[in-house]
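Subject: Structure handover

Hello,

Here is the structure for your files. My notes on it follow below.

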Amino acid sequence: MSAQSLASIENWPVPTAAAGVVRADGTVLGTHGPVGRRFPLASVTKPLAAYAALVAYEEGAIEFDEPAGPAGSTVRHLLAHTSGLAFDEHRVMSAPGERRLYSNAGFEVLGEHIAKATDIPFAEYLRQAVLAPLGMTDTTLDGSPAKDGVSTVTDLLRFTAEVQAPRLLDPRTVAEAMTVQYPGTKGVLPGYGHQNPNDWGLGFEIRDGKSPHWTGASSSPRTFGHFGQSGTFLWIDPAAGIACAALADRPFGPWAVEAWPPFTDAVLAELAR
């Protein structure tokens, strides 16, 4: 691809933005902007934390269906935002599995659970399990596993290449993470309102038939990923065979709702050509 579609980030109403596209084999098809600059990830931290949880599962440190969080909740519930915990408070709002309550608190409980199970602070476990093996030397977790990651487009392209063609994990484990957990569960997609169903995998949001959505109209239903309130996103479209990461330094808002879908459609169209 000529990366003409990526250059459209110049039209975003943000001080600085960077973006890139990568294939499953690690071939970077194009980049634009300061791809080595470190940006706060906000909730794009969650897929990184979730991948560390998948490693902990494969290492036998945790099981998906073992108790974690509120009474009746499991690791799987925490990863799939169905533990019943509130958005940013350690307060129970519903029974586990009943509603898709997007929860930073749930990911914080998950981080504490993994730290206890491995006897390693979660930020260090993430570094050892995911960041160091993938060469993500400019990525750090400086607080909450829900929202306090900092990274670069270059590092996120390494990560999304891994998710597309896993080397750290059994591909079956990654396939589980991109499979809808608790199908038919309603919930609110932050910034986009009520979705029925609000499909989610293990730490990754799944596009399916959601409308409105932050990916493109031409994104396949199998597309999965995450966006962050700091103006960041990454998506992986298995049908197209590519992943895209974009980071900006303006908080998510109407500008992103307007700019992101046509950007994604342009990337997919350019690739198809």
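How much space lies in the largest pocket? The volume is about 240 Å³, in what is a predicted model. The lining of this pocket is made up of 14 residues, with Arg99, Arg100, Leu101, Tyr102 and Val188 nearest the centre. Sorted by class, the lining residues are eight nonpolar, four charged and two polar.

Next, the sheet. Three strands form an open sheet in the order S3-S5-S4, and the pairing is antiparallel.

Some backbone points to check. Most peptide bonds are trans, and most residues other than glycine have a negative phi. The exceptions I noted are these:

- Asparagine 196 and proline 197 are joined by a cis peptide bond, with omega about 0°. Proline 197 sits in the loop between S7 (193-195) and S8 (205-206).
- Serine 211 and proline 212 are also joined by a cis peptide bond, omega about 0°. Proline 212 belongs to the loop between S8 and S9 (224-228).
- Aspartate 208 lies in the loop between S8 and S9 and has a positive phi, near 45°. Its relative accessibility is 24%, so it counts as partly exposed.
- Aspartate 119, in the loop between H3 (104-118) and H4 (122-131), has a positive phi of about 60°. Its relative accessibility is 71%, so it counts as exposed.

Regards

Definitions and conventions: Residues are numbered from 1 along each chain as its sequence is written. This is a predicted model: local features need pLDDT of at least 70, side-chain atom pairs count only at pLDDT 80 or more; totals for chains, interfaces and linings use all residues. Side-chain values use heavy atoms; hydrogens and water are left out. On a 1 Å grid over the protein atoms alone, a cavity is a set of points where a 1.4 Å probe fits but cannot get out, and a pocket is an open set with protein on both sides within 12 Å along at least five of seven lines; lining residues have an atom within 4 Å of a point. Grid points are joined across faces, edges and corners, and a volume is the space filled by probe spheres set on the points. Ala, Val, Leu, Ile, Met, Phe, Trp, Tyr, Cys and Pro count as nonpolar, Asp, Glu, Lys and Arg as charged, and the others, Gly among them, as polar. Two strands pair if DSSP finds at least two bridges between them. Helices (H or I, at least four residues) and strands (E, at least two) are DSSP runs, numbered from the N terminus. Buried means under 20% relative accessible area, exposed over 50%, partly exposed in between (1.4 Å probe, protein chains only).
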